[in-house]
Amino acid sequence: MADLTRLTYVFLFMICLGLSIRDIGLFADSSSEKEIPTISKVGFKNVGPTLKFLYCYSCGYRKVFDDYVTIIQQKYPQISVHGSNYDPPGVSLQFARFLSIAKMVIIFAIMTGSNPFQFLGHGNAAPPNWWVWCVENKLYSCLMCFFLTNAIEGQMMSTGAFEITLDDMPVWSKIETGRIPQPPELFQIIDNHLGLQFESKLDLNTGFTK
């Protein structure tokens, strides 16, 4: 029975560790960009407009971004599309990273029955009653710690953002509008931008000034 309980704790710890490492990896990669290159018919990369998406990963908007990439590349093969996570303010991001690491330290201390308070200047003093309860109820306390800290991390990382820029010019903000644009709306924005670009090049080539 004792061996089964020990295996249960080890299994629980490995699951928590794996999920936490995944979360830390997401935080570390939150500023990295995904670029979908565009290739012309002759095999060279087009130097065209650049459409950039900054989205809230924890809100599930990565799938929305992937869907937009597919339809944009089909309709506008000359456009380069970039996407990355919209980072929350610096304090929130750093706190979420700290909380993710602290969570694993606490869970490890509970499962090993350690007394972390002896490293905080309390010497050989007995740990608080609530810590004794956590050690005696390892399974429940570890699950409670894991899900509670995950909920806090999610709130800290959630921005609700789905921001779009075209050639570094903001063209849509979910933070301001409260919604994600429909494909026809985004197509209209892109068409207007491409039309203005064409007119500018035409004026430059002909020397005609409006």
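## Close-up views of a predicted chain

Figure 1. The structure holds four salt bridges, a salt bridge being a side-chain nitrogen of Lys or Arg within 4 Å of a carboxyl oxygen of Asp or Glu. This is a predicted model, in which local features need pLDDT of at least 70 and side-chain atom pairs count only at pLDDT 80 or more, while totals for chains, interfaces and linings use all residues. Residues are numbered from 1 along each chain as its sequence is written, and side-chain values use heavy atoms, with hydrogens and water left out. One of the salt bridges joins Arg62 to Asp66, with the closest N and O atoms 3.3 Å apart; because these residues are four apart in helix α2, about one helical turn separates them. Helices (H or I, at least four residues) and strands (E, at least two) are DSSP runs, numbered from the N terminus. Lys63 and Asp67 also meet in a salt bridge (3.3 Å, N to O), and both lie in helix α2, four residues apart. Lys63 is exposed, with a relative accessible area of 56%, whereas Asp67 counts as partly exposed at 41%; buried means under 20% relative accessible area, exposed over 50%, and partly exposed in between (1.4 Å probe, protein chains only).

Figure 2. Lys103 forms a salt bridge with Glu153, and their closest N and O atoms are 3.3 Å apart. The pair links distant parts of the chain, with Lys103 in helix α3 and Glu153 in helix α5, 50 residues apart. Lys103 is buried, with a relative accessible area of 1%, and Glu153 also counts as buried, at 4%.

**Figure 3. Helix α3 and the residue that follows.** Helix α3 covers residues 90–112, and its 23 residues should span 33 Å at 1.5 Å a residue, which agrees with the 34 Å between its end C-alpha atoms; the expected span is 1.5 Å times one less than the number of residues. Among the buried residues of α3 are Leu93, Leu99, Met104 and Ile107. Just after the helix, Gly113 takes a positive phi of about 70°.

**Figure 4. The largest nonpolar core.** A nonpolar core is a set of buried Ala, Val, Leu, Ile, Met, Phe, Trp, Tyr and Cys residues joined through side-chain atoms within 4.5 Å. The largest one has 21 residues, and those with the most contacts inside it are Leu51, Phe53, Ile72 and Phe162. At least two residues of this core come from each of β2 (50–55), α2 (62–75), β4 (162–166) and α7 (183–206). Leaving aside neighbours within four places in sequence, Phe53 is in contact (heavy atoms within 4.5 Å) with residues including Phe65, Tyr68, Ile72, Phe162 and Leu186. A second, separate core of eleven residues includes Ile107, Met111, Cys134 and Cys145.

**Figure 5. The loop between α3 and α4.** Asn115 is found in the loop between α3 and α4 (129–136). Asn115 is buried, with a relative accessible area of 17%, and, leaving aside its neighbours within four places in sequence, is in contact with Ala125, Pro127 and Trp131.
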